[in-house]
Amino acid sequence: MSDTWQHLLFGFQVALRPENLALALAGAVVGTIVGVLPGIGPVGGIALLLPLTFRLPPASAMIMLTAVYYGTMYGGSTTSILMNVPGEASSVVTTFDGYAMARQGRAGPALAIAAVGSFIAGTLSTIALTFFSPLLATWGLAFGPPEYFGLMVFGLSAVSSLAGESLVKALLSMGFGLMLATVGTDLVTGVPRYTFNIPYLLDGIDFVVVVIGLFAVSEVMVSAEAAVGEVRVPVKIERIWLSLKDFVQSFWAIIRGSVIGFYIGILPAAGATIASFLAYSVEKQLARDPSTFGRGDIRGVAAPESANNAAAVGNMIPMLTLGIPGSSTTALMMGALLVLNVVPGPMLFQQHPDVVWGLVASMYVSNLVLLILNLPLVGLFVRILYVPERVLLPAILAICVVGTYAVNFSAFDLLTMTVLGLGAYYLRKNDYPLGPAVLGLVLGDLMEQNLRRALIMSKGSPAIFVARPVSAVLLALSVLSLCAPALLRLARRRRSAEAAAG
């Protein structure tokens with residue numbers, strides 16, 4: 001343990017050099033801006049800046065890229081809360097309660113808790129990375145296809161938390177998302193599925209295109225329809241800063257979100273999006289009154305925002321300790337290290353301590369920089385809500401078009417976005433929740449791949465899913481999660497009946 005403290009002290013000496021501090025600040029600013037723009041996300045942001053790092057020392061390059069990564073994770077929440085436009089995939093869940101809070105005049109507290117939750121989650125996760133990374137990486141590798149399938153099924157069981165008034169409509173919405181996830185070339189057989197001889201569909205439908213179509217375009221349509229013939233009364237901003245009551249109410253949601261996000265982040269390919277859905281689901285299941293979620297509950301912002309930032313740190317562990325990138329973003333960062341002649345893996349800590357410990361220390365610094373940078377901007381961001389709809393709605397639509405086109409530079413993506421936006425408009429007018437559709441799209445592909453790999457391992461026997469303890473526990477938790485809302489309602493009715501009876 002004393003060696004770890006000495007290494008960390010050395011890391012701070014590297015991270016706090018003026019040139020590295022400047023790079024961390026620049027990365028945090030650029031990352032926040034990139035995160036706000038839908039369609040670019042952490043992968044696009046890092047890919048754009050990657051060539052600039054090739055002339056930097058390895059430690060400085062990683063410090064800058066990590067700050068960009070952190071910045072995008074925070075920046076994605078801003079447009080989710082203010083405009084119902086997720087800046088990147090892991091911010092979709094933030095729209096459920098964040099946008100509702102903005103409509104109620106509480107955009108300031110929503111943005112503030114996103115910043116504070118991200119800071120706490122990032123710091124706690126970095127502490128765990130500092131002291132336990134080799135052990136945690138081993139845990140992550142213990143997950144095989146059956147365990148991943150169990151995790152994906154557990155993730156899908158979160159549909160009960162996103163259902164709103166009707167579980168049937170939520171399941172239909174999730175089925176729509178799962179259907180979208182099957183479009184493209186089958187990775188096992190190479191056979192095109194539901195592509196209708198359209199070459200653009202061979203790679204499937206990009207997640208960002210779907211999210212922008214479902215949430216942003218449909219939101220513009222619904223808002224434009226509501227504004228026709230009416231004089232818009234601007235949303236009254238009640239207050240900008242976070243109150244002590246808001247923080248106390250969100251505290252345990254932040255802690256639970258941090259734990260869930262960090263562990264999901266360690267698992268290769270699981271990612272921040274799944275972590276944010278699971279954290280939201282757990283928080284809603286634990287709430288005394290789950291009906292407040294989806295209607296502007298601050299815990300519905302705190303939990304997913306904490307989870308996605310914690311997952312960003314967790315993603316670093318398999319990359320640094322084992323040389324296995326856990327996501328597309330860490331794959332890019334690993335590529336940057338390889339270009340700089342630094343090979344990630346078990347020997348990295350001995351061969352390049354300045355890179356590893358400088359990077360770890362820079363995570364603490366970047367978290368603080370982002371908090372200091374973004375809290376004062378809360379007041380500026382909420383002013384967006386004062387912009388008249390005749391200006392704001394076309395601007396949102398323009399951002400959607402640019403963001404969607406930037407994904408693949410394809411006009412077909414714009415057509416797909418429009419069709420999905422029209423479909424989402426119909427679903428919203430008929431009270432179908434859109435969250436389950438996104439959940440199905442996120443988990444569908446991974447669930448199918450791991451189901452098939454597990455069945456290949458067991459030569460077709462489904463018993464493998466109950467024979468392995470972790471998989472069996474996850475499947476049991478999935479059943480419990482689906483039944484929990486009904487069981488809780490039954491328990492509340494009994495308590496009410498007993499109280500009424502005296």
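Colleague: At what angle do helix α10 (residues 244-266) and helix α12 (residues 299-314) cross?

Modeller: Two packed helices are described by the angle between their axes and the distance between the axes. Here the axes of α10 and α12 cross at roughly 30° and come within 6 Å. That makes α10 roughly parallel to α12 (under 35 degrees; over 145 is roughly antiparallel, 65 to 115 roughly perpendicular, the rest oblique). Axes are lines fitted to C-alpha atoms, for helices over the stretch in contact, and angles run from 0 to 180 degrees between N-to-C directions. Helices are DSSP runs (H or I, at least four residues), numbered from the N terminus.

This is a predicted model: local features need pLDDT of at least 70, side-chain atom pairs count only at pLDDT 80 or more, and totals for chains, interfaces and linings use all residues. Residues are numbered from 1 along each chain as its sequence is written, and side-chain values use heavy atoms, without hydrogens and water.

Colleague: Which residues of α10 and α12 meet?

Modeller: Contact means heavy atoms within 4.5 Å. On α10, they include Ala253, Gly257, Gly261 and Gly265. On α12, Ala303, Ala307 and Gly314 are among them.

Colleague: At what angle do α7 (residues 145-156) and α20 (residues 435-457) pack?

Modeller: About 150°, with the axes of α7 and α20 8 Å apart. That makes α7 roughly antiparallel to α20.

Colleague: Which residues of α7 and α20 meet?

Modeller: Tyr148, Phe149 and Met152 are among those in α7. Those in α20 include Leu443, Leu446 and Met447.

Conventions: Helix = DSSP H or I, 4+ residues; strand = E, 2+ residues; numbered from the N terminus.
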